[in-house]
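Please look through the sequence and the model shown here before reading the report that follows.

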Amino acid sequence: MADCFEWLRERRPHSIHAVCTDPPYGLIEAIPSGRTPDREEAISDHPCLKPQHFMRIIVRSLLPLGKGVILDPFMDRASTIAAAEAVGYESIGVEMDDAYFRQAEQTVPRLTRLYPNFVGDKPHAAWRFQPAGAR
Ligand SMILES: C[S@@+](CC[C@H](N)C(=O)[O-])C[C@H]1O[C@@H](n2cnc3c(N)ncnc32)[C@H](O)[C@@H]1O
């Protein structure tokens, strides 16, 4: 991972790649993650579904004090909304496509129920969660 941080520093010195999460982690420079687990892809047919662990960390970092509402105005099949629900944040999703909206109604509760002990507060858990060959 140190190599990854070096790469970012050298090649993307002005990009935003710092995320604030709960203590004791504070500012981190990247979120370790991996491929979306098969069990998540089995729930949603989104072609590039992001891992719930990753999304929960992102959502939590948006409201580090836990106050406010997560709004996703382009919800699609709602992986962001599912992550917000799992973290325990109030959320609102807007989607213009009826079929996607209906799929979201089905998938959000199922994605939210996964990993009940992970609420996005430990950035490195996302990396540990998915070792190679254990999808
Ligand atoms: C790339 S997806 C967003 C991914 C999603 N936020 C997630 O958590 O995975 C973009 C979505 O925005 C929807 N969309 C595009 N224009 C919109 C609009 N004006 N109002 C609501 N939804 C819109 C599209 O139908 C599409 O499902």
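## The ligand site and its surroundings

Aspartate 76 is found in the loop between strand 3 and helix 4, where helices (H or I, at least four residues) and strands (E, at least two) are DSSP runs, numbered from the N terminus. Phi of aspartate 76 is near 55°, which is a positive value in a residue other than glycine. This is a predicted model, in which local features need pLDDT of at least 70 and side-chain atom pairs count only at pLDDT 80 or more, whereas totals for chains, interfaces and linings use all residues. Residues are numbered from 1 along each chain as its sequence is written, and side-chain values use heavy atoms, with hydrogens and water left out.

Aspartate 76 also belongs to the surroundings of the ligand, which consist of Asp72, Pro73, Phe74, Met75, Asp76, Ser79, Thr80, Glu95, Met96 and Tyr100; a residue is near a molecule if one of its heavy atoms lies within 4 Å of it. Sorted by class, this shell holds five nonpolar, two polar and three charged residues, given that Ala, Val, Leu, Ile, Met, Phe, Trp, Tyr, Cys and Pro count as nonpolar, Asp, Glu, Lys and Arg as charged, and the others, Gly among them, as polar.

| Side chain | Ligand atom | Distance |
|---|---|---|
| Aspartate 72 | nitrogen | 2.7 Å |
| Aspartate 76 | oxygen | 3.3 Å |
| Glutamate 95 | oxygen | 2.6 Å |

On its own the ligand has 610 Å² of accessible area, and the protein covers 63% of this, with areas taken from the Shrake-Rupley method with a 1.4 Å probe and, for residues, only the protein chains shown counted as cover.

## Strands 3 and 4

Aspartate 72, one of the residues around the ligand, stands opposite glycine 93 in strand 4. Strand 3 (residues 69-72) and strand 4 (residues 90-93) run parallel and are joined by four bridges, where two strands pair if DSSP finds at least two bridges between them. Leucine 71 has isoleucine 92 as its bridge partner in strand 4. In a regular strand the side chains alternate between the two faces of the sheet. Strand 3 has a covered face formed by Ile70 and Asp72, while Val69 and Leu71 make up the uncovered one.

Together with helix 4 (residues 79-87), strands 3 and 4 make a right-handed β-α-β unit; a crossover is right-handed if, with the strands pointing away from the viewer, the path from the first strand over the helix to the second runs clockwise.

## The wider chain

The protein chain has six helices and four strands, and from the N terminus on its elements run α-β-β-α-α-β-α-β-α-α. Of its 135 residues, 41% count as buried, where buried means under 20% relative accessible area, exposed over 50%, and partly exposed in between (1.4 Å probe, protein chains only).

Helix 3 is mostly covered, with eight of its eleven residues buried, among them His53, Ile57 and Ser61. Serine 61 lies in helix 3 (residues 52-62) and counts as buried because its relative accessible area is 14%. The side chain of serine 61 reaches the backbone oxygen of isoleucine 58 at 2.7 Å. Isoleucine 58, also in helix 3, counts as partly exposed because its relative accessibility is 25%. Although isoleucine 58 and alanine 83 are 25 residues apart in sequence, they are 8.7 Å apart in space, C-alpha to C-alpha.

Glutamate 41 is found in helix 2 (residues 38-41) and is partly exposed at 38% relative accessibility; its C-alpha atom is separated by 9.8 Å from that of leucine 111, 70 residues apart along the chain. Arginine 110 has its place in helix 5 and is partly exposed, with a relative accessible area of 43%, and the C-alpha atoms of arginine 110 and glutamate 40, also 70 residues apart along the chain, are separated by 8.9 Å.

Tyrosine 115 sits in the loop between helix 5 (98-113) and helix 6 (125-129). Its phi is near 50°, a positive value in a residue other than glycine, and tyrosine 115 counts as buried because its relative accessibility is 9%.

Notes:
A polar contact is a pair of N or O atoms within 3.5 Å; within protein, one must be able to donate a hydrogen and the other to accept it, and residues adjacent in sequence count only if both atoms are side-chain atoms.
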